[in-house]
Amino acid sequence: MAASNDTVLDFGEEEFDQARVLKHPVAVGFHLAFRIGALLAYFLCGWFSDSFITNFVIVVILLSMDFWTVKNISGRLLVGLRWWNFVDEDGKSKWMFESRKDRKGTVTAMESRIFWLSLVICQLLWIVLVLGALLTLKFKWAMVSLIGVIMNGSNLVGYIRCKWGSTQKMSALAKSFLTRQAIKSMFTSSKPSGGSVQQT
């Protein structure tokens with residue numbers, strides 16, 4: 001996944017329809033259903049079966065369905081982004097990132113918010129579940145939640161790089177943000193805290 005092998009296809013600036021509506025309710029439903037289903041299965045599967053293998057298979061199937069749905073359907077419909085990987089003739093792995101050229105009227109602010117929030121929140125939850133399983137010495141369940149981290153994290157990283165470009169561009173954005181914050185904090189801390197001083 002070297003940056004030199006990345007190919008970023010940026011087809012246009014991001015434009016949102018600000019209407020608070022769901023233009024793709026079925027895609028939103030499936031986007032949320034599989035990831036919430038995987039988490040619920042992880043928490044509740046012990047109530048329905050004592051077999052770890054059965055519970056493991058159910059959670060992994062739901063995670064796989066979520067991974068495929070997010071990568072191939074909901075990413076394109078809800079945020080107008082797509083990523084994939086292929087191996088070229090030289091045997092090098094290449095990552096492709098696409099952005100729909102004209103997303104005006106097809107991507108709504110609400111659907112975009114649902115897409116990104118669900119990706120980030122689920123990733124944080126899976127990380128917490130890994131740590132919780134390790135701390136309670138439930139190593140089998142740590143493996144299950146680690147699969148959740150890897151599968152959800154792959155989509156999250158893929159779409160972040162799809163939205164903001166290659167590693168170098170993301171690094172430049174981070175440096176620019178930190179520089180702006182440092183300058184902003186310097187100016188706010190240099191302002192006098194008291195009232196105005198009157199000269200006599």
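Before we compare helices, here is how their directions are described: axes are lines fitted to C-alpha atoms, for helices over the stretch in contact, and angles run from 0 to 180 degrees between N-to-C directions. Keep in mind that this is a predicted model, where local features need pLDDT of at least 70 and side-chain atom pairs count only at pLDDT 80 or more, while totals for chains, interfaces and linings use all residues. Residues are numbered from 1 along each chain as its sequence is written, and side-chain values use heavy atoms, with hydrogens and water left out.

**The overall plan**

The chain has five helices and three strands; helices (H or I, at least four residues) and strands (E, at least two) are DSSP runs, numbered from the N terminus. Read from the N terminus, the order is β-α-α-β-β-α-α-α. Of the 200 residues in the chain, 34% are buried, where buried means under 20% relative accessible area, exposed over 50%, and partly exposed in between (1.4 Å probe, protein chains only). Look at contacts (heavy atoms within 4.5 Å): among those with a separation of 6 or more, 74% join residues 24 or more positions apart.

**How the helices pack**

| Helix pair | Angle | Axis distance |
|---|---|---|
| α1 and α2 | roughly 160° | within 8 Å |
| α3 and α4 | about 150° | 8 Å |
| α1 and α4 | about 175° | 12 Å |

Angles under 35 degrees count as roughly parallel, over 145 as roughly antiparallel, 65 to 115 as roughly perpendicular and the rest as oblique. So α1 is roughly antiparallel to α4. That contact uses Arg35, Tyr42 and Cys45 of α1, together with Trp141, Val144, Ser145 and Asn152 of α4.

The α1 and α2 crossing is left-handed, and so is the crossing of α3 and α4; left-handed means the near helix is turned anticlockwise from the far one by less than a right angle, and right-handed means clockwise. Where α1 meets α2, the α1 residues include Phe34, Arg35 and Ala38, and the α2 residues include Val59, Asp66 and Val70.

As for α3, its 27 residues reach 39 Å from first C-alpha to last, close to the 39 Å expected at 1.5 Å a residue (the expected span is 1.5 Å times one less than the number of residues). Just after α3, leucine 137 takes a positive phi of about 60°.

**What sits inside**

Which residues have the most contacts inside the largest nonpolar core? They are Tyr42, Val59, Leu63 and Trp126, in a core of 18 residues. A nonpolar core is a set of buried Ala, Val, Leu, Ile, Met, Phe, Trp, Tyr and Cys residues joined through side-chain atoms within 4.5 Å. Two or more residues each come from α1 (25-48), α2 (52-78), α3 (109-135) and α4 (139-164). Apart from this core lies another, of 15 residues, including Val28, Phe115, Tyr159 and Cys162.

Is arginine 35 buried or exposed? Arginine 35 counts as buried because its relative accessibility is 3%. Leaving out residues up to four places away in sequence, arginine 35 touches Asp66, Val70, Ser118, Leu119, Cys122 and Asn152.

Leucine 40 is also in helix α1, but at 46% relative accessibility leucine 40 counts as partly exposed.
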